[in-house]
Each structure stands twice: as C-alpha cells, then as structure tokens.
Amino acid sequence: MNRGNIRKYVVWLLGILLLGACKSDPEVTPEPQAAPFARGADVSWITEMEAAGRKFYNAAGVEQDGLRLLKQLGVNAIRLRVWVNPVDGWCGKDDLLVKARRAHSLGMRLLIDFHYSDTWADPGQQQLPAAWEGKDLDGLTAAVSEHTTDVLGALKAAGITPEWVQVANETGNGMLWETGKAATNMANYAALSNAGYDAVKTVFPGTKVIVHVQNGYDNNLFRWLFDGLKANGGKWDVVGMSLYPSPYEWQQRNEQCLANISDMVNRYESEVMICEVGMSWDQAPTAKLFLEDLIKKVRTLPAGKGLGVFYWEPQCYGGWKGYTLGAFDQAGKPTAALDAFRE
Amino acid sequence: MMKTIEKIYRAGRLFTCAIAAMACEKSGDVVVATGFSDAELSATTESVVLSEDQKDELALQLLWNTGEMQLTGGYDAKSVAIKTTVQFSLDEAFTTVARSQEVGSASLSYTHTKFNELALALGFEPDESTPLYVRVLSQLAANVAPKYSNVLRIAVTPYLPLGAADYLFMATNDFSAFPWKLCSREEDGRYDGFVRVDQWYNFYLTSEESAAAETIYGSYPEDGNQYRLHAGADRWNLWTSNGGYLYLQADVNALTWSETVVQSLSVTGDFNGWSTDATPLTYDSGRNVWTASITTTEAEQWGIKILVNGDWGFFFGVGPEEGQCTLYRADASGFPYPHVGTHTLTLDLSDPKAFRYTVD
C-alpha cells in the first residue's frame, strides 16, 4: 500500500460520491420544534489571532480553519463582540461582519454582543465611546439606537439574522457610565438598555435580546439589577450570565448558578443564556467536568428555558494577550475541555 | 505501520461500499456530494492608503466562501477538505501570479504594516496608488479541476517604512510565514539574529517577506553542505539539527551561515557579585521576550551585562541609546541600570535591528 494507491482510492471514493446522485428527495416540511441547545463559543479574537500568525490544529495536528474546527467539535453557535470605534479596528463593524459571515457560511447561529464602548465594557469599566462624549441621556439613547441599527443593518444586508443580541456587556452596574450607572441612576440604565432593545426588534423582530450580567452565581446581584430594570420599565427576553469558577470551587458555583437561573426563570419568566464561561487551559479535565455539569443543568431546565452555554475565546493559546482561560493547548490544539460541547 | 494502513484501507473500502449500497436503497434516498462551488471573494475595502502611523491597525480583510462540502442523507463530509490559496497579481488576467499563499482560515486580515510589506514585496511604489488583483483558488483534490473566485481589484497606496533595515527573513519551508529575521546592522552582508525553532526545522532565508523574494537562500545541493548558502533554483532548504533558542549568523559574501545554541542568558553586575549564572533570564514564549527579576540596593556603578551561555566574550552591553543594548563579542561596558529595589528586566531580541530592554 503506497501513497499512489491511497490517492487512487480517494479518487475512486470521490467518484462514487459524485456519481451517486439518483433523484432528489421531494420537499418535506419539517415539524416545528424548539431551537436546539446552543453549544457556543465567543471567538471574537480569531481574526486578530490569525493576522498575528496563530494557527489552529485538530487533535491529529492538521491545520484547520478555527471556526470549522470548533464546529467539528460540536460548537453550533458563535458569539461576537462589537465595539463602536476601536483604536486598531479589531472587533469594529467590518471585522465583526467578516467573522459573522464566516460563522454564517458554516451554518452556525449567532449572538451579537454590543459593548457600546470603543474598548472592553465589563464590571470594571463602561467607558463612553469617544464620539459619544458630552452627550446627555437623550443623545446617548439616540446613539445606542443608531449604532445598534447600523451594525444589525449591515448584518441584515449580508443576509444574516442573529438569533440573539446582547445589549451591553456585563452590566452588573449598568452601561455607558456615568449616565447609565445602575447604582446611581437605574432609570437612565433602563432607558439606554431599552434603546438597544427597541433597535434590535426594529431590525430583527424575531431576535431575542439578552441583558448580560457577570458572576452568574450571585443571585443578590441579579435580583438587584433585574428588579431595578423591571421597576423602570426595562425590557429583555433573556437573562445572560458569565461564570468563571476556579478549578476548586466549580461544583459550588454551578449549584449557586443553577439556583440563580431558576430564580430568574421563576421571578421574571425569563429565558437564560450562559454567555461566557472559562477555566484555565491547563485544567482541561476539571474544565470538562465543570462544563458537562453546567450544560446538563442549563439544558434540563423546565420548558427549555435554558438556551445555551458559550465558552469565551476557547481558541486562545500560547499566552495570547496574556489570557489563560482558553481551551486550546500550547500547540494550538483543542483541549479535552471542549469534549463537553460534543452532542 | 503497513498493517495499520492496510487496516485503514480495508475499513475505508468497506465504508465506501456501504455508502454506495445505501445510496439508492429506497426511492429518493440518494447520496449527493454538493457544495464545491466557485468561491465568492469579498474585501472590506476597494481602496486602501497605508500609513506608518496606523501600522498596527486593521487595514484590509479578505473573506471568501468556498462552500461547505455536503453529502445528502446525513453522511459525514467533514473530512473532505477544500484547500484554498489566495493569489495576488498585478494584472487582472493573472498572467503572472505575483504571490500565492495557502490559507487555512476562511479570511485573511492585514494590518497596515502587513499589507504594506506585501505591497512593497510586489514592487509597488510608495505613495502611489496601484491596483492589486486578488482571487482565491480552491481545490478539492489533485484530479478535480480547481475553481477560481471572482477577481477583486484593490487600489493600494503603500508607504516607505521609516527605519527600514537590511533584513534576511527566515521563511518556513512553504513560504507561508516569516516568523523570524536576521539583520545586517552595518549593511555589510553579515547578518545575525535570535530565533526559536523546533529541532530539524526546515527554512529558507529570503530578502523579502515573500515567496517571490528576489533572493532566496537555501543550502548547497550536495551532502555535507548544510552551512553553505546557495541561491540557485536547485538549492535545498536550510535546516537546523539543534532547534530551541538559537543565535544565527549568515554571511552572504562568504555564502555561509552558522548557528549557536543559546543555553542560557544571565544578568550579571555588582548586585550578584558578577556571577555568570546566579540570575538567569527566563524565556516567555507567549510574548517572545526574556525576563529576570533583579534586586539591587544601589544603582549599578558599572551597569549590568547579559551573558550568553555564561561567556564574558558574548554578551549584551551598552547600546546606542536608552532601552537598547548591543551584542558584543569583545570587551565592552555594561548597560546602565540605575534602578534600586526589585524590578523585572525584560529583554526583547525579536528585532535584530536593535536589541531592546525594559525595566518595570
């Protein structure tokens, strides 16, 4: 058996496949059914990583397109963040569209994550985009609406409908500080968040809007924030959560998170999405247990209220940006943690 | 090994027969391979003016869809890989493919620096807008005719980089990446630099970051000539049997090169009694720098030196300006270190034009 023979055999196999066509199936209308569970990954860094020469390899060491590789590992949904006017262009509208089109062409579902900032928005900072400095509440709600419409309109023009849109990121203390800081002005935060909500529904009426808060195990925080939003007429379809437990506390954190999820479902009749998870790449066996347990808990919620779980930047490896909670090893191959995403 | 291949072959043959048998098992239940179509290529811009001020900013992204191979009937086509190559040309008809790059990802992103390097390597004049044509070639298998995407025209205005230096780039064997470079700081044909590669690494040294570089050095195509440079078309590739962190020198006048394995880098000064090994630097592969923690009680009156392999005749000492150190092979002063207390010294050898250090 030499290489020539293998090649001949492959040609023969292809020939059979290509000639094997007989007659196509008659059109069958599928039964309507609940959307499948989202086994997701946020891969927003991928184009920047590729430009820096990072490559991705499957378990056999064969280089692959990173998104295609994740799909093969069972990932069926992609989350992408978008910044308003980022300094280097990465995660701006154009870069978002490139990644969204790649995911879409692979048949993967999309969650678009608006930060409403030129850089990271998280519990530590919710900086105004430079171009929005000096705007009052009315000016900011208009800007939120315009930016949301602009980005989603570009996706729509590319024939892409995101299944979920996240209005602002990790807003445990609101967004667009100081105007939209929840602790000081919950009404302002609700108005800004609603501006995003309404813009999403105008472009994509069927898309679900997520309000996303850090520390998914912290029920007090979630009650405080969502009670506050509700009291101020805040709108959302899905409660989003982040959960980054240490390898030593994940069981307790998962239990706390499940209790929080159940409370969100009962208290607000919301659906729940775990928008971000992660654990140190070199703790893969523990990370796998953590993910399997979390996916099981979310997936088996009554009435399908648990929509999915997204791993945050799993394709990170080799000290990329100093981030160590990815799920690829130093050689650019997926770790066993991602086995939890297989169907 | 042969046995395993034989087994795979047998299993595969069985699988194929199974598919063939299932193909028309019942009416309408057929297996059809679809999805290998002409790629659709698009770009984020049709015209780009590159600028050194924006060098790390995103300049242009190319995106294509080669289609997804699908087999009807729920059969798994994920092993059917489509190979994609992005081709650049100076003429719309692609009479000459100026650069060809195999790509594993489904898009290519360029910063201003990277796209500028590409444009200059293709011979574009700085500060002039010149059309560049791009297409994507996708290939399913050697015997299936390749498919070509639409051709995109992008008007590119490159810039002449400040401080351009006389480099030799270390190209991977397939010219898909240029991860390291050597520099001739005196522009005298003698190049050196530090690289980190695997054992038995195969490479070339090129005058530009391009497979179409004007000069590509390999080794002389005859056994026993590993360290002899040869630029003829019959060249063999260069290789290192060592691997790891290496100091490479190449002399394009003498047409030779050499390698020195870097076993250690260590800081020495008054603070450690001029020890050759008490304060080693650690390599950080993520950032591609070397670091060491140094504790001093007073400013170093003679400065500090960083010894390569503990050798007093092979070290980094005083440089032309602050933040830079020079590699010496003879006696010279250390570089200034006025800091007191515990600090991290970081040494960046990635650009041999200037070896840089910082203290935090």
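Reader: How many bridges pair β2(B) and strand β4 (residues 58–65) of chain B?

Author: Helices (H or I, at least four residues) and strands (E, at least two) are DSSP runs, numbered from the N terminus. Two strands pair if DSSP finds at least two bridges between them. Here β2(B) and β4(B) go together in the antiparallel sense, and the bridge count is four.

Reader: Before we go on, what pLDDT do local features need in this model?

Author: Residues are numbered from 1 along each chain as its sequence is written, chains are lettered from A and ligands numbered from 1 in the order in which they are written, and side-chain values use heavy atoms, with hydrogens and water left out. This is a predicted model, where totals for chains, interfaces and linings use all residues, side-chain atom pairs count only at pLDDT 80 or more, and local features need a pLDDT of at least 70.

Reader: Fine. Which residue is the bridge partner of B:A43 in β4(B)?

Author: Strands of a sheet pair through backbone hydrogen bonds, either parallel or antiparallel. Looking in β4(B), you'll find the bridge partner of B:A43 to be B:L62.

Reader: Which strands stand at the edges of that open sheet?

Author: The sheet has three strands in the order β2-β4-β8 (chain B), with antiparallel pairing. Two of these strands have a single partner strand each, so one side of each is left without a neighbour in the sheet. Those edge strands are β2 (40–43) and β8 (107–111) of chain B.

Reader: At about what angle does helix α4 of chain A run to β4(B)?

Author: Angles run from 0 to 180 degrees between N-to-C directions, with axes being lines fitted to C-alpha atoms, for helices over the stretch in contact. Helix α4 (residues 93–105) of chain A lies across β2, β4 and β8 of chain B. Its angle to β4(B) is about 15°.

Reader: And which strands does helix α2 of chain B touch in the sheet?

Author: Contact means heavy atoms within 4.5 Å. Helix α2 (residues 112–121) of chain B packs on the sheet, with its direction at about 95° to that of β8(B). The strands touched by α2 of chain B are β4 and β8 of chain B.

Reader: Over to chain A: in what order do the eight strands close into a barrel?

Author: Chain A has nine helices and ten strands. Eight strands close into a barrel with parallel pairing, and the twist averages 25° from one strand to the next. The order is β1-β4-β5-β6-β7-β8-β9-β10 (chain A).

Reader: Which residue does A:D42 bridge to in β4(A)?

Author: Strand β1 (residues 38–42) and strand β4 (residues 77–82) of chain A run parallel and are joined by three bridges. Within β4(A), the partner of A:D42 is A:R79.

Reader: Which strands does helix α5 of chain A touch?

Author: Helix α5 (residues 137–157) of chain A packs on the sheet, and its direction makes about 155° with that of β5(A). The strands it touches are β4, β5 (109–114) and β6 (164–167) of chain A.

Reader: What about A:K230: how far is it from A:A190 in space, C-alpha to C-alpha?

Author: A:K230 lies in helix α7 of chain A. Leaving out residues up to four places away in sequence, A:K230 touches A:W236, A:R267 and A:Y268. A:K230 and A:A190 are 40 residues apart in sequence, and their C-alpha to C-alpha distance is 8.3 Å.

Reader: What kind of pair do the rings of A:W45 and A:W320 make?

Author: Rings of Phe, Tyr and Trp (its six-membered ring) pair if their centres lie within 6.5 Å; planes under 30 degrees apart count as stacked, over 60 as edge-to-face and the rest as tilted. The structure holds 32 aromatic pairs over all chains. For A:W45 and A:W320 the centres are 6.4 Å apart and the planes at 85°, so the pair is edge-to-face.

Reader: Is B:F94 buried or exposed?

Author: B:F94 has a positive phi of about 55° although it is not a glycine, and it lies in the loop between β6 (83–89) and β7 (97–103) of chain B. Buried means under 20% relative accessible area, exposed over 50%, partly exposed in between (1.4 Å probe, protein chains only). With a relative accessible area of 6%, B:F94 is buried.
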